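The following questions and answers examine how terms are applied to one protein structure.

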Amino acid sequence: GTIDTSMYPEGEYEGIVEATHPAVNSSIKITTFFLDTTGPQFSLTVDREVIYSGHSATFSAKVWYEISGVRLAVFTTNNGGVVDRFNDEFEVSFYFDTPGEKVIIIYGVDEAGNESSREFRITVIPDTVKPVVDITHNAPSPLYPGQKVDFTVNATDNVGVSGRYLKINN
């Protein structure tokens, strides 16, 4: 026969089968099985404490479930990124162009078909700090045509400098 296990909570069960015949002899067989109804678990770490708009952040995600393993993990953000993975640990970078609260969602399915998801919330803040620029040179004063001038340009910023250039105006 068939037993519908959809109404049972997760746990270990015994199936007992008894067979009898008219001579009142009987035989009993007991089997045990574990009913898995729980989906995967999740963890998430990010490579920086503060995430600024206009920059990327790298997330390390882990999806696990000891009983039946992980069949599928999906990693999404409300920033528009989606990453499907068929393994249980992965890293992914997302670019955040606007400030505000962002929701990172990890969805998983275990080998038994149980689904679960977890939301992680992060705040992307506007990058309002301008880079600090320092320039030095070895130009004598007065400078004569044909003389060579060496410039040293340094730039720092709270979230890194993406480029620098030197322009001479006259």
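Q: Which residues does E12 touch, not counting residues up to four places away in sequence?
A: E12 touches T32, F33 and F34, where contact means heavy atoms within 4.5 Å. The model is predicted, so local features need pLDDT of at least 70 and side-chain atom pairs count only at pLDDT 80 or more, while totals for chains, interfaces and linings use all residues. Residues are numbered from 1 along each chain as its sequence is written, and side-chain values use heavy atoms, with hydrogens and water left out.

Q: Why is E12 called exposed?
A: The relative accessible area of E12 is 61%. Exposed means over 50%, buried means under 20%, and partly exposed lies in between (1.4 Å probe, protein chains only). E12 is therefore classed as exposed.

Q: What places E12 beside a residue of β2?
A: E12 is in strand β1 (residues 11–20), and its bridge partner in β2 is F34. Strands (E, at least two residues) are DSSP runs numbered from the N terminus, as are helices (H or I, at least four). The C-alpha atoms of E12 and L35 are separated by 6.2 Å, although these residues are 23 apart along the chain.

Q: How do you know that β1 and β2 pair?
A: Two strands pair if DSSP finds at least two bridges between them. Strands β1 and β2 (residues 26–35) are joined by 10 bridges and run antiparallel. Their hairpin has five residues between the strands, and V24 takes a positive phi near 65° there.

Q: What makes the contact of E101 with R121 a salt bridge?
A: A salt bridge is a side-chain nitrogen of Lys or Arg within 4 Å of a carboxyl oxygen of Asp or Glu. The closest N and O atoms of E101 and R121 are 3.0 Å apart, so the pair meets that definition.

Q: Which residues are linked in a network of salt bridges?
A: The network links E101, E119 and R121. E119 and R121 meet in a salt bridge at 3.0 Å, N to O. A search of the whole structure finds two salt bridges.

Q: Why is E101 called partly exposed?
A: E101 has 47% relative accessibility, so it counts as partly exposed. E119 is also given as partly exposed, with a relative accessible area of 44%.

Q: How do you know that S116 is buried?
A: The relative accessible area of S116 is 18%, and the limit for a buried residue is under 20%. S116 is found in strand β10 and touches G39, P40, F42, I106, Y107 and G108, not counting residues up to four places away in sequence.

Q: What does the side chain of S116 reach?
A: The side chain of S116 reaches the backbone oxygen of P40 at 2.6 Å. A polar contact is a pair of N or O atoms within 3.5 Å; within protein, one must be able to donate a hydrogen and the other to accept it, and residues adjacent in sequence count only if both atoms are side-chain atoms.

Q: Which residues touch the most other members of the largest nonpolar core?
A: Of its 19 residues, L44, I51, F59, F75, F96, I104 and I106 touch the most other members. A nonpolar core is a set of buried Ala, Val, Leu, Ile, Met, Phe, Trp, Tyr and Cys residues joined through side-chain atoms within 4.5 Å. The contacts of L44 include F59, F75, I104 and I106.

Q: Why do β3 and β8 stand at the edges of their sheet?
A: The open sheet of three strands has the order β3-β5-β8, with antiparallel pairing. Strands β3 and β8 each have a single partner strand, so one side of each is left without a neighbour in the sheet. Six bridges join β3 and β5, and F42 stands opposite V63 in β5.

Q: Where is P142, and what is the peptide bond from S141 to P142?
A: P142 is in the loop between β11 (132–137) and β12 (151–156). The peptide bond from S141 to P142 is cis, with omega near 0°.
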